[in-house]
Amino acid sequence: MIIHDYHSLYVPLERAIKLQKHSKDEAERIALSNYIGNLYDVMHNMGDEQVPVDFRKVFPVKRQYKSFIRGINIYSDRLIQNYILNKDFHRQYFGEILPEVEKSVNELCQEEPVEDEALSKDDFFDILYFVFSSIGFDQEFDQFYQKGHIYASHSSQDVHNLGFTLYNPVNHDTDLFINNFQYTYRDMSTLIHEFGHGIDLRRFTGNIDEYNQYFYESFFGEVLSRLMERILHRYCIRNGILVDRARDSYINFEDLNHDYLLSSYIISLLDKDFILSGGHMLDKNKDVMAKKVAKYFMSAEVIRDFMEGIDTFDISEIYTYAYGDILSLFLIDEVEQEGFSSDLFQYFMEKRHLLFQEEFMRECGFGPENYLKNYRKEVELIKK
């Protein structure tokens, strides 16, 4: 069932607060504090104006709050330092793949958009279960759907945020949220994206500090969610199910991926001192950024307009989605050929929480040439 109100969220909230109160581990407290804060936001956004946002339950004394902020800053600093070390690799990678991606996206986006009319509830879930059965995840989806862990969120502070997943890494409470849920193909795509997060997090076997590394430092947190979207689109196109809508959604998917790839490339062109001065959030310096990178593009005005259209230049978010696209494109071929138990997929799952390493990309064969080979095959599938 899809849950439309916030009342059942008080159960995981109280469990998390109790765990936080008795925790003596700093990494665990950081993870729980983040989870509790997000639960408060969700409940408020779902209409609970009386939700007791009492952070004294989370941080009984002021020094605990300072310790939480200090811990977050440590993770953020490690991400930035690692980014600087690998900036040349990122620059080369995105610079090599972008020309062809941009050309293909421009061609795909010439097609007329398709109206995403609502489906019946039965048709909506029949399609989802066909997809999940094809990859052996139908029973796992049942654990979310039948046990009330999928929510229709009535509003969101971020209009571009179609859905999100909340996960308690201590007791493994996991809930999926779809904003303004309707029985449309778009929301089916959002739901399967969030399901990807759900199975990803439920399969995380590291300790709490490793979980925080994955949450705050890794660029691979969107790989499984983007992989699930690709699985949905490909299944529908190949099996003659809502083909026009699937193709249209796939084109939008590619268009969004392009924006993240281009944003990643822009950031990689910035000098080290500029990045270090802004940390992982570079939003307040868009004009300066545009001037710094304009010489690398044929039209300074076009690139400036593109940057103005980007809500946030958050290195963590942008690179997580960019590499979510890249690695999911490699892994979907692996999954389609060998399933989720393949050696490469399992190796990715073991390493996904670590800071970015060029060696990992190379040893897995995730280079730009191979990416473009896979990308060309994907574009041909969309064009059929």
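Two strands are taken as paired if DSSP finds at least two bridges between them, and strands themselves are DSSP runs (E, at least two residues), just as helices are runs of H or I with at least four, both numbered from the N terminus. The model is a predicted one, so local features need pLDDT of at least 70 and side-chain atom pairs pLDDT 80 or more, while totals for chains, interfaces and linings use all residues. Residues are numbered from 1 along each chain as its sequence is written, and side-chain values use heavy atoms, with hydrogens and water left out.

Two bridges tie it to strand 1 (residues 2–3), in parallel, with Tyr151 as the bridge partner of Ile3. Strand 2 also runs parallel to strand 4 (residues 174–179), this time with four bridges, and Ala152 sits opposite Ile178 there. Ile150 and Ala152 point one way from strand 2, Tyr151 and Ser153 the other, and all are buried (under 20% relative accessible area; exposed is over 50%, partly exposed in between, with a 1.4 Å probe and protein chains only).

Now to the charges. Side chains of opposite charge can pair when their charged atoms come close. The structure holds 19 salt bridges, each being a side-chain nitrogen of Lys or Arg within 4 Å of a carboxyl oxygen of Asp or Glu. In one of them, Asp116 meets Arg245 with the closest N and O atoms 3.6 Å apart. That pair links distant parts of the chain, 129 residues apart: Asp116 is in the loop between helix 3 (62–108) and helix 4 (121–134), and Arg245 is in helix 9 (residues 243–268). Asp116 counts as partly exposed because its relative accessibility is 28%, whereas Arg245, at 17%, counts as buried.

Glu336 and Arg234 form another salt bridge, at 3.3 Å between the closest N and O atoms. Here helix 13 (residues 315–338), which holds Glu336, is linked to helix 8 (residues 223–238), which holds Arg234, across 102 residues of chain. Glu336 is partly exposed at 37%, but Arg234 is buried at 4%.

Arg362 is exposed at 53%, and Glu358 is partly exposed at 26%.
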